[in-house]
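Please look over the sequence and structure first.

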Amino acid sequence: VKPTPRTTIHRKPARGSYDRDVIHGIIDAGLVAHVGYTIDDQPYVIPMVYARLGDELVLHGAIASRTLGAAADGIPMCATITIVDGLVLAQSWMHHSMNYRSVVVLGRAREITHPEAKRVALSAVIDHAMRGRSMEARPPNDKELNATRVIALPIEEASAKQRAGAPLPADAEDVGSPAWAGVLPLRWTAGTPIADTGVRGEPPASLARWR
Ligand SMILES: Cc1cc2nc3c(=O)[nH]c(=O)nc-3n(C[C@H](O)[C@H](O)[C@H](O)COP(=O)(O)OP(=O)(O)OC[C@H]3O[C@@H](n4cnc5c(N)ncnc54)[C@H](O)[C@@H]3O)c2cc1C
């Protein structure tokens, strides 16, 4: 995508990217978006699940949701997705860091109102968190669909920023320091599935894949 004055990365620009594949890859690998907007001069940042459908970020929620109502009204939005890959430990406090992948998307959303388009978007949301899950559970009926608002934010004015690898080289005064330096990799791990009461049989394929 094209950088704009608002998405130009000033701090550590080498870690930035406007490559569509990089941006999409991070969005696809994340789980939660922090969705920001301003109402009456007060910024709100709300965690939400999401999906990517082509060049759009899809969000959903109750019709009564203030966040989605504001989004549907077309006010400026910001969605941020962050994945922490590790703690970067250095000899000095100053060089401590994190390995991460993150994306910031700015723009105005459109509401998806056509029932079939809504179902497609909602299946993407279900499948984003757990691939294949939409095939294993009942899709929304008309009443459920009417109670749900779905919005799409274009992934056009967007940027990615990421850091990987070792700490920066030690400063002269830290060479030979006894402090341990390196990286503590972090990643999501799934626990053992806990079946709901009354559920029999093996966990489905989607769960096995996640784990
Ligand atoms: C991991 C995760 C995923 C979620 N996914 C979705 C989703 O896909 N769709 C969806 O509609 N909701 C989702 N939620 C819930 C969402 O964060 C909001 O609570 C909910 O959408 C209500 O939003 P609202 O704008 O109507 O909030 P309101 O109820 O109008 O918010 C009023 C105030 O309540 C407080 N508040 C609201 N939400 C939270 C929160 N999560 N944590 C702490 N304080 C809060 C804030 O102060 C906010 O200003 C998710 C929450 C989490 C943690």
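Threonine 148 sits in strand E9 (residues 148-154); helices (H or I, at least four residues) and strands (E, at least two) are DSSP runs, numbered from the N terminus. This is a predicted model: local features need pLDDT of at least 70, side-chain atom pairs count only at pLDDT 80 or more, and totals for chains, interfaces and linings use all residues. Residues are numbered from 1 along each chain as its sequence is written, and side-chain values use heavy atoms, with hydrogens and water left out.

**Threonine 148**
- Threonine 148 is buried, with a relative accessible area of 15% (buried means under 20%, with a 1.4 Å probe and protein chains only).
- The side chain of threonine 148 reaches the backbone oxygen of glutamate 144 at 2.7 Å.
- Leaving out residues up to four places away in sequence, threonine 148 touches His60, Gly61, Ile63, Lys118 and Leu122 (contact means heavy atoms within 4.5 Å).

**Ligand shell**
- Residues around the ligand include Tyr37, Val49, His60, Gly61 and Arg66 (one heavy atom within 4 Å of the ligand).
- Strand E3 (42-48), strand E5 (56-62) and helix H2 (66-72) each supply at least two shell residues.
- E3 gives the largest share, 4 residues.

**Polar atoms at the ligand**
- A polar backbone atom of valine 49 is 3.0 Å from a ligand nitrogen atom.
- A backbone N or O atom of histidine 60 lies 2.7 Å from a nitrogen atom of the ligand.
- A polar side-chain atom of arginine 66 lies 2.8 Å from a ligand oxygen atom.

Key: A polar contact is a pair of N or O atoms within 3.5 Å; within protein, one must be able to donate a hydrogen and the other to accept it, and residues adjacent in sequence count only if both atoms are side-chain atoms. Buried means under 20% relative accessible area, exposed over 50%, partly exposed in between (1.4 Å probe, protein chains only).
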